[in-house]
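Thanks for making time this morning.

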Amino acid sequence: MIDLHTHTFFSDGALVPSEHVRRVEHLGYAAIAITDHADSSNIHILIPNLIKAARDLNPVNTTQLIIGVELTHVPPALIGPLAAQSRALGAQLIVVHGETPVEPVLPGTNRAALDADVDLLAHPGFITEEEAALAAKKGILLELSGRKGHSLTNGHVVRMAEKTGALLAINADAHAPGDFLTAEMAEKVGLGAGLSADQYLQVRRNMAELVARLKPLA
């Protein structure tokens, strides 16, 4: 198990990083990304603090802590520059809060994210075929969300991915202990969105391959 999109109390989550990692270590996770909500006001706080936590925790835990951010409700014109700043600060994984149907995300956010140096477009809502094709070209993963509301368009995302060859990920978007996905629940999210059993296993491989490509902790 791997999850590439979760939150601690550094944004709107409930746990400190150490408990966050321990909760999923108990579930058998190989890796967990902490991707707290970010914009220009806090990336310089989030990323260095998470680097400190990862340096302490990774040598003594079996679950790898990945340093990430989720650029959230950022105006499209700022997504590219903020992604670059996040990389420079040491973020290993850049997530963008996509155009979920349950929040007033600015139109154009999905496209701006796909034009930038990011790794994952979270809950992309009614993503277009053209946008999915760009994600496929750039190797940016599209998220199937386990979170209430965001999950409404998972089936649409699967159809766009099937048409274009875009890669998928399944994430909890966890904010509290009860949000973390068990292996059984993660499979239900995938199969419920229309994936076959083989396609679900490919999603798990996509996520593992992305983690293997990430820049080592600075």
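What follows is a short tour of this structure, which is a predicted model.

Let me begin with the empty space inside, since rolling a probe the size of a water molecule over the atoms shows where such space is left. The count comes to one cavity of 30 Å³ or more, and about 40 Å³ of space lies in the largest cavity. Its lining is made by Phe 10, Ile 34, Asp 36, Leu 46, Leu 50 and Gly 68, and the elements that give two or more residues to this lining are strand E2 (31-38) and helix H2 (43-57).

Phe 9 lies in the loop between strand E1 (2-3) and helix H1 (17-26), and it counts as partly exposed because its relative accessibility is 45%.

Now to the charged pairs: side chains of opposite charge can pair when their charged atoms come close. A search of the whole structure finds nine salt bridges. In one of them, Glu 19 meets Arg 23 at 2.8 Å, N to O, and both residues lie in helix H1, four residues apart, about one turn of the helix.

In another, Lys 163 pairs with Glu 129, with the closest N and O atoms 4.0 Å apart. Lys 163 is in helix H6 (residues 154-164) and Glu 129 in helix H5, so this pair ties together parts that are 34 residues apart in sequence.

Technical notes:
Residues numbered from 1 in each chain as written. Predicted model: local features only at pLDDT ≥ 70, side-chain atom pairs only at ≥ 80, totals over all residues. Heavy atoms only, no water. 1 Å grid on protein atoms, 1.4 Å probe; cavity = no way out; pocket = protein on both sides within 12 Å on 5 of 7 lines; lining within 4 Å. Points joined across faces, edges and corners; volume = space filled by probe spheres on them. Buried < 20%, exposed > 50% of the residue type's maximum accessible area, 1.4 Å probe, protein only. Salt bridge = Lys/Arg side-chain N within 4 Å of Asp/Glu carboxyl O.
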